[in-house]
Amino acid sequence: MSEPVHDAVRIGIVSISDRASSGVYEDKGLPALQDWLTRALRNPITFEPRLIPDEQAGISATLIELVNAGCSLVLTTGGTGPALRDVTPEATLAVADKEMPGFGEQMRQISLAFVPTAILSRQVAVIRGKSLIINLPGQPKAIAETLEGLKNPDGTQKVNGIFAAVPYCVDLIGGPYLETDDSVCKAFRPKSAVRTARPAA
């Protein structure tokens, strides 16, 4: 029996760091994002990676470029704290058609289980056109935690990660049907929105 067909998806991944983009140290954000998404999604993915400095106009321009290139999902990492050079949320809100505050609220709730300084994080999520743009934390471990959520010692889900809501959100804005590997992250959709697998041609 042939494998079912999964929609192809184009995903923008953006690491925002003055020092990494200038070569002072190795960027770890892009590899972390690509690794997690490759494990979590069953869809064939085309990645559009960008490594850019903490410049508000440049960040906004990059996000617009990725949306225009057909990225249904754009994930950023870095630049979401209170430091003077942290302008990722401002740059993201500047290109938004709609803000999706629940994503940022849930990310901070997850991170608060680990560090009290999670309240200093300012991640936002927005919709532009048919694209969902989400700011993620800067550290690879925190990226995985916020996407996957928290599990109990027996492996059951304790707190949902934000990615559980991403596929249905992408459905609602007219994007491809994202399908997850439940062992990494189980996506939630209302029963009426669940699509039966299409057989291979």
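Predicted model: local features only at pLDDT ≥ 70, side-chain atom pairs only at ≥ 80, totals over all residues.

Next I looked at the two strands themselves. β5 covers residues 125-128 and β6 covers residues 131-136; they run antiparallel and are joined by four bridges. I127 also has its place there, opposite L132 in β6. The hairpin of β5 and β6 has two residues between the strands, and G129 takes a positive phi near 60° in that hairpin.

**Entry 1: the whole sheet.** In what order do the strands of the sheet lie? I read it off as β2-β1-β3-β6-β5-β4, six strands in an open sheet with mixed pairing. β2 (45-52) and β4 (98-99) stand at the edges with a single partner strand each, so one side of each has no neighbour in the sheet.

I then checked the other partner of β6. β3 and β6 pair in the parallel sense, over five bridges.

**Entry 2: is β6 buried or exposed?** I found it mostly covered, as six of its six residues are buried.

**Entry 3: a serine in a loop.** S72 lies in the loop between α3 (56-68) and β3. I looked up its relative accessibility, which is 10%, so S72 counts as buried. Leaving out residues up to four places away in sequence, I found that S72 touches V9, R10, K130, S131, L132, V170, G175 and P176.

**Entry 4: helix α6 and what follows.** Which residues of α6 are buried? In this helix, residues 140-148, my list reads A142, I143, E145, T146, L147 and E148. I also traced what these buried residues pack against: α2, β3 (73-77), α5, β6, β7 and β8.

Just after α6 comes G149, which takes a positive phi of about 90°. β7 (residues 149-151) and β8 (residues 157-160) run antiparallel and are joined by three bridges. Their hairpin has five residues between the strands, and there G155 takes a positive phi near 95°.

**Entry 5: rings.** How many aromatic pairs does the structure hold? I found one. W36 and F163 make it up in an edge-to-face arrangement, with 5.1 Å centre to centre and 70° between the planes. The pair links distant parts of the chain, as its two residues are 127 residues apart. W36 is in helix α2 (residues 29-40), while F163 is in the loop between β8 and α7 (166-172). I checked both for burial, and W36 is buried, as is F163.

I also looked for charges over rings. The charged end of K141 sits over the ring of F114, 4.9 Å from the ring's centre. For R189, I found the charged end over the ring of Y177, 3.7 Å from the centre.

**Entry 6: cysteines.** How many disulfides are there in the whole structure? My search of the whole structure gave zero. C71 is in no disulfide, and the nearest cysteine sulfur, that of C169, is 15 Å away. For comparison, a disulfide needs the two sulfur atoms within 2.5 Å. C71 has a relative accessible area of 1%, so I put it down as buried. C185 is in no disulfide either, and the nearest cysteine sulfur to it, that of C169, is 14 Å away. At 4% relative accessibility, C185 also counts as buried.

Methods
Residues numbered from 1 in each chain as written. Heavy atoms only, no water. Pairing = 2+ DSSP bridges. Buried < 20%, exposed > 50% of the residue type's maximum accessible area, 1.4 Å probe, protein only. Phe/Tyr/Trp six-rings, centres within 6.5 Å; stacked < 30°, edge-to-face > 60°. Lys NZ or Arg CZ within 6 Å of the ring centre and 35° of its normal. Contact = heavy atoms within 4.5 Å.
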